[in-house]
Structure formats: C-alpha cells, structure tokens
Amino acid sequence: MQMFVQRLKNMGYERVELIDTTKGLFMSHWEASWMALKGSAILVGKK
C-alpha cells in the first residue's frame with residue numbers, strides 16, 4: 001500500500017494518507033479482531 005500511496009503522490013495528490021481503522025478512531029482493536037478486520041485502513045487524499 002505504501003507504494004500505491006507514493007504513486008498517488010507522484011500523480012499530483014498533495015495529501016495522501018492511510019488511516020488505521022483498528023486503533024480506536026473507528027473501532028477498537030478487539031472489534032477489529034472479532035470482525036476479521038485486522039490491518040484495515042482508509043485511504044484519504046486530496047488532489
């Protein structure tokens with residue numbers, strides 16, 4: 001995914017970030033494990 005983030009930046013996106021959704025912002029670590037979403041993230045950017 002980091003290579004994809006860099007590719008987006010090279011294409012002109014001024015802000016690109018992967019936000020980990022399993023560390024309390026969207027769900028707890030336990031919920032992520034329970035729903036088999038360990039390592040899930042949201043890709044956010046601005047062109």
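This is a predicted model: local features need pLDDT of at least 70, side-chain atom pairs count only at pLDDT 80 or more; totals for chains, interfaces and linings use all residues.
Let me begin with H29, whose place is in helix α2, where helices are DSSP runs of H or I with at least four residues, strands are runs of E with at least two, and both are numbered from the N terminus. H29 is exposed, with a relative accessible area of 51%; exposed here means over 50%, buried means under 20%, and partly exposed lies in between, with a 1.4 Å probe and protein chains only. From H29 to V44 there are 15 residues in sequence, and the two are 21 Å apart in space, C-alpha to C-alpha.

Residues are numbered from 1 along each chain as its sequence is written, and side-chain values use heavy atoms, with hydrogens and water left out.

As for confidence, pLDDT is the predictor's confidence in each residue, from 0 to 100, and its mean over the chain is 87, with 100% of the residues reaching 70 or more. Helix α2, residues 29–34, is where confidence is lowest, at a mean of 85, whereas α1 has the highest, at 92.

Staying with helix α2, W34 is also placed there, and at 61% relative accessibility W34 counts as exposed. Together with W30, M35 and L37, W34 forms a nonpolar patch on the surface, with about 490 Å² of accessible area in total. Such patches are made of residues with over 30% relative accessible area and no salt bridge, with nonpolar side chains (Val, Leu, Ile, Met, Phe, Trp, Tyr) joined within 5 Å and like charges within 9 Å; the areas come from the Shrake-Rupley method with a 1.4 Å probe, and for residues only the protein chains shown count as cover.

Now to the loop between β1 and α2, which holds T22. Is T22 buried or exposed? T22 is buried, with a relative accessible area of 7%, and its contacts (heavy atoms within 4.5 Å) include H29, A32 and L37, not counting residues up to four places away in sequence. The side chains of T22 and D20 are joined by a polar contact of 2.6 Å, that is, a pair of N or O atoms within 3.5 Å, where within protein one must be able to donate a hydrogen and the other to accept it, and residues adjacent in sequence count only if both atoms are side-chain atoms.

How many salt bridges does the structure hold? There are two, each being a side-chain nitrogen of Lys or Arg within 4 Å of a carboxyl oxygen of Asp or Glu. One joins E14 and K46, with the closest N and O atoms 3.8 Å apart. Because E14 lies in the loop between α1 (2–10) and β1 (15–20) and K46 in strand β2 (residues 41–46), this pair ties together parts that are 32 residues apart in sequence. E14 is exposed at 59% relative accessibility, while K46 is partly exposed at 45%.

The other salt bridge pairs E17 with R15, the closest N and O atoms being 2.7 Å apart. E17 is in strand β1 and partly exposed at 33%, and R15 is partly exposed as well, at 38%. E17 also touches I42, L43 and V44, leaving aside residues up to four places away in sequence.
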